[in-house]
Amino acid sequence: MLTFKKTTLALALAGATLATTAQAAEVEVLHWWTSGGEARAANVLKELMEAEGYGWQDFAVAGGGGETAMTVLKSRAMSGNPPSAAQIKGPEIQEWGELGLLGDLNEVAEAEGWDELLPEVVADIMRYDGQYVAVPVNVHRVNWLWANPAVLEAAGVEMPTTLDEMFAAGEAIREAGYVPLAHGGQSWQDATVFESVLLGGQGSEFYQQALVELDPEALGGEQMIAALEDFKRTRELMDDGMSGRDWNIATAMVIEGTAGMQLMGDWAKGEFTAAGLTAGEDYLCAAAPGTEDAFTFNIDSLAMFRVTDEGEHDAQQALARLVLEPTFQEAFNLAKGSIPARPDLDMSEFDSCAQQSLADFQRTADEGGLVPSMAHGMAVRADVQGAIFDVVTNYFNDANMPAEEAAQRMVRAAQAAAF
Ligand code: GAL
């Protein structure tokens with residue numbers, strides 16, 4: 001996805017230096033937070049910036065998972081006119097850093113004591129070449145199962161805790177007249193379900209070997225084949241209308257009670273919250289079946305582009321400072337469904353799902369099982385992720401492709417994308 005050639009890189013760099021036209025004391029922020037819950041969350045930052053006298057230019061590019069946003073960002077950067085800040089995550093921060101396009105946040109990081117404030121696993125992702133170039137807004141957990149308790153009750157089933165239980169519950173839900181698993185057929189959503197099912201059936205060590213280290217033996221072996229078969233089975237729990245459906249529309253099916261469950265990261269909780277629902281009563285959350293001892297993390301962060309305009313530079317520093325302040329961390333994450341990026345905050349306002357997320361984050365960090373989400377750009381570079389997405393989605397939609405072949409394609413995807 002992010003593949004710049006050396007020549008175009010030089011052009012982009014030259015352009016970036018010339019881009020001094022942005023208005024003073026204003027930030028333009030690219031993100032893809034456009035669903036009901038996400039927009040409420042993004043608005044928190046806009047209001048805090050405006051309260052400090054800075055202008056906010058919203059550069060929202062719709063499309064869950066951010067693939068479209070990244071394409072748009074790339075073309076803006078190539079024309080020498082990147083925004084002040086953009087939601088760039090995980091290893092992709094390194095890719096933008098290598099292009100020399102990011103500005104550093106060391107001053108504010110030092111003044112605010114980020115080194116002491118942030119868990120090392122989070123801080124590490126925010127630095128390029130030892131310098132802070134991005135600020136974390138939250139920690140999302142991807143391996144969640146959401147459910148409508150009334151639908152489960154109508155089907156006479158409990159919240160499943162293993163893959164076998166999920167398939168059995170799904171069948172009962174279908175017999176009771178509901179869609180078992182709400183899903184949108186988009187490759188990032190397919191990959192989201194795939195990684196949770198792989199984690200649930202094969203465990204976090206295998207997840208790490210296959211989807212983080214890209215070990216060819218893991219990618220092409222028996223466990224991958226079993227994971228792919230489990231993944232294909234989830235299709236039987238989905239409805240015919242899933243093709244192209246946005247993730248928040250799938251969440252709405254659970255909210256409205258036409259579907260029983262959804263496998264999705266906790267931005268889905270932002271939708272339940274925006275609908276005025278209460279965790280544990282109106283909707284249920286649990287670790288994705290079989291994954292209670294694991295946590296796939298997805299850290300949203302804003303990276304700052306190198307700018308020459310002083311006002312814009314000041315505004316960027318203020319933005320970075322505000323993002324890690326308790327006021328923003330609390331208000332944003334309550335709306336977004338995630339937990340704060342800094343672990344020292346009072347969590348009493350947060351619901352039971354968020355409390356569980358924090359406890360599980362800390363437990364898996366200490367005991368093992370904390371792994372980066374492949375589907376959400378935290379595990380591998382963008383080109384490898386794109387190649388894996390292609391295999392996952394093609395396999396999911398091809399009734400005739402055996403899991404063995406998909407596993408072989410997975411090995412080739414990791415190799416081909418490596419260089
Ligand atoms: C993720 C992102 C979340 C949420 C989700 C759906 O990649 O980290 O913040 O926006 O996509 O768009």
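A residue counts as near a molecule if one of its heavy atoms lies within 4 Å of it. Keep that in mind as we tour this predicted model, where local features need pLDDT of at least 70, side-chain atom pairs count only at pLDDT 80 or more, and totals for chains, interfaces and linings use all residues. Residues are numbered from 1 along each chain as its sequence is written, and side-chain values use heavy atoms, with hydrogens and water left out.

Select the ligand and the 13 residues around it: Glu38, Lys89, Asp300, Lys336 and His376 come nearest. Colour this shell by type and you will find four nonpolar, five polar (Gly is counted here) and four charged (Asp, Glu, Lys and Arg) residues.

Next, show polar contacts, pairs of N or O atoms within 3.5 Å. Pick Asn298: an N or O atom in its side chain is 2.9 Å from a ligand oxygen atom. Then click Gly65, where a polar backbone atom is 3.1 Å from an oxygen atom of the ligand. At Trp32, a polar side-chain atom lies 3.3 Å from a ligand oxygen atom. Taken alone, the ligand exposes 300 Å² (Shrake-Rupley method, 1.4 Å probe), and the protein buries 100% of that.

Finally, zoom out. The C-alpha atoms fill a box of roughly 65 × 45 × 40 Å, taken along the principal axes.

Key: A polar contact is a pair of N or O atoms within 3.5 Å; within protein, one must be able to donate a hydrogen and the other to accept it, and residues adjacent in sequence count only if both atoms are side-chain atoms.
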